[in-house]
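Subject: Structure handover

Hello,

Please keep the viewer open while you read.

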Amino acid sequence: LIKKQIHALGLNSLLEIKLLDAFPMIRSCDSKILVRLALCNIKLDENNWCHQVKPVRKMDFYDELTPEQLQICKDNISFVKKQLTRIKW
């Protein structure tokens, strides 16, 4: 039995983020998936959020986001935050 809130490390897909409501003991999570989506120029929206969108590009420490990709990343973070606030904890 888990008696305290935990932080989830290394989520690999949007599906894992979407399923967080099934695990109320998880208080927070981190993942590189949103940066990888931005590197592939994939912006999340209501249509593709419902599907298993997976970036094909791996992330490298030498990668630099273009200004456009940085904006996509910020938009994706905002979008996921908005989706998570809809979850009933």
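Which residues is Pro-55 in contact with, leaving aside its neighbours within four places in sequence? They are Ile-33, Arg-36, Leu-37 and Cys-40. Please bear in mind that this is a predicted model. Pro-55 lies in the loop between α3 and α4. With a relative accessibility of 3%, under the 20% cut-off, Pro-55 counts as buried.

Overall layout

The chain contains 4 helices and 2 strands, and its elements follow the order β-α-β-α-α-α from the N terminus. Of its 89 residues, 30% are buried. Among the contacts with a separation of 6 or more, 50% are between residues 24 or more positions apart.

Core and surface patch

There are 14 residues in the largest nonpolar core. Leu-14, Ile-17, Leu-34, Leu-37, Leu-44, Trp-49 and Val-80 have the most contacts inside it. At least two residues of this core come from each of α1 (14-18), α2 (33-39) and α4 (67-85). Val-80 touches Ile-17, Leu-34, Leu-44 and Trp-49, if residues up to four places away in sequence are not counted.

On the surface, Leu-15, Leu-19 and Phe-23 make up a nonpolar patch, and their accessible area together is about 270 Å². Leu-19 sits in the loop between α1 and β2 (26-29). Its relative accessible area is 43%, so Leu-19 is classed as partly exposed.

Asn-41 is in the loop between α2 and α3 (46-49). Asn-41 is not a glycine, yet its phi is positive, at about 60°. Asn-41 is also one of the contacts of Gln-69, along with Ala-38, Leu-39 and Glu-64, when neighbours of Gln-69 within four places in sequence are left aside. Gln-69 belongs to helix α4 and is buried, because its relative accessible area is 7%.

How many salt bridges does the structure hold? The number is 1. Lys-43 and Asp-75 form a salt bridge in which the closest N and O atoms are 3.2 Å apart. This pair links distant parts of the chain, with Asp-75 in helix α4 and Lys-43 in the loop between α2 and α3, 32 residues apart. Both partners are partly exposed: Asp-75 has a relative accessible area of 25%, and Lys-43 has a relative accessibility of 46%.

Cysteines

Is Cys-73 buried or exposed? Cys-73 counts as buried, because its relative accessibility is 7%. Cys-40, already listed above among the contacts of Pro-55, is partly exposed at 23% relative accessibility. A disulfide is a covalent bond between the sulfur atoms of two cysteines. The search of the whole structure returned 0 disulfides.

Regards

Note on methods
Residues numbered from 1 in each chain as written. Predicted model: local features only at pLDDT ≥ 70, side-chain atom pairs only at ≥ 80, totals over all residues. Heavy atoms only, no water. Core = buried A, V, L, I, M, F, W, Y, C linked by side-chain atoms within 4.5 Å. Buried < 20%, exposed > 50% of the residue type's maximum accessible area, 1.4 Å probe, protein only. Contact = heavy atoms within 4.5 Å. Patch = residues over 30% accessible without salt bridge, like charges linked within 9 Å, V, L, I, M, F, W, Y side chains within 5 Å. Areas by Shrake-Rupley, 256 points an atom, 1.4 Å probe, with all protein chains shown as cover. Salt bridge = Lys/Arg side-chain N within 4 Å of Asp/Glu carboxyl O. Disulfide = S-S within 2.5 Å.
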